[in-house]
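The sequence and the structure are shown first.

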Amino acid sequence: QWLNPAAYLFNKTLMPLLQMSFFSLLGQFGGARPLSFYLVGNAIIVAYRPMFTIATAISGERWQGTLPYVVGSPANRVVLFFGRGIGQALDGLIDVALAFWLAALLFGLDLSQANWLGISLAIVTACYGASGLGLFLGATAYLVLDATFLANTAMFATLLLTGANVPLEELPGWLVPLSSALPLTRSVEAARLYTSGGELTSGLGLLAIDAVVGTLWALGGLALFSWIEAQARRRGSLEGF
């Protein structure tokens, strides 16, 4: 789908702009936080986009008829599984960087005091965490057969529960554990610290936790994929699992 440059660039520009416009303006006129709160939050969580491409790429192997070749290949399973997320994760970095540029250009986000090294680390961590979750969703799609539904559910959870649009302290108590389990929650908080000029050390702990959470999601996806593969081999029902 990347072979159409016009559609590719239009999608990369339009989606972050629409998301940022909707939630930032809604927050500005209906929330109690400054506009920068919503701009930074929505710029960072644009990193959820690799979740879609990774999840649908993995689940799409069934529909494209390539899954038997993947499973039958002698390639190392760890390299095979995690290698699917590298290209999409790198592409996600462009999405987030573009979102920050749009926030500054169109909405006047003040980045004059920003700690750019810290923001860069927050962007990388956010894309890494989202890619880990995407790997898990892709493996889960072998069971529920609908990667798009799973990715959309994860996207809305990201929009609502990471603190990007709704402050964490305003969430119902029963949603707090779910918020902590999402791999972008601490990246959003760290990005806000760095945008306001915070020291690099002020957000490193937050980013380290998000990196661990993203890794756990990815490892969970690998374990699930390995289990599905073993069950499919045993039952002889790989494409119909």
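**After helix H8**

Glycine 163 follows H8 and has a positive phi, near 90 degrees. The coordinates belong to a predicted model.

**Helix H8**

H8 runs over residues 147–161, and its 15 residues should span 21 Å at 1.5 Å a residue. The C-alpha atoms at its ends are 21 Å apart, which agrees with that expectation.

The buried residues of H8 are Ala147, Leu150, Ala151, Ala154, Met155, Ala157, Thr158, Leu159 and Leu161. Their cover includes H1, H2, H3 (49–64), H7 (116–144), H9 (176–181) and H10 (185–195).

**Packing of H1 and H2**

H1 (residues 5–30) packs against H2 (residues 35–45) at an angle of about 155 degrees, and the two axes are 9 Å apart. Because angles over 145 degrees count as roughly antiparallel, H1 is roughly antiparallel to H2. The crossing of H1 and H2 is right-handed.

On the H1 side, the contact is made by Gln19, Met20, Phe23, Ser24, Gly27 and Gln28. These meet Leu35, Tyr38, Leu39, Asn42, Ala43 and Ile45 of H2. By class, the contact of H1 with H2 has seven nonpolar and five polar residues, and no charged ones.

**Glutamate 229**

Glutamate 229 lies in helix H11, which covers residues 201–235. Is glutamate 229 buried or exposed? Its relative accessible area is 10%; buried means under 20%, so glutamate 229 is buried. Neighbours within four places in sequence left aside, glutamate 229 is in contact with Val71 and Arg77.

How values were computed. Residues numbered from 1 in each chain as written. Predicted model: local features only at pLDDT ≥ 70, side-chain atom pairs only at ≥ 80, totals over all residues. Heavy atoms only, no water. Axes fitted to C-alpha atoms, helices over the stretch in contact; angles between N-to-C directions. Helix = DSSP H or I, 4+ residues; strand = E, 2+ residues; numbered from the N terminus. Parallel < 35°, antiparallel > 145°, perpendicular 65-115°, else oblique. Left-handed = near helix turned anticlockwise from the far one by under 90°. Contact = heavy atoms within 4.5 Å. Nonpolar A, V, L, I, M, F, W, Y, C, P; charged D, E, K, R; others polar. Expected span 1.5 Å × (residues − 1). Buried < 20%, exposed > 50% of the residue type's maximum accessible area, 1.4 Å probe, protein only.
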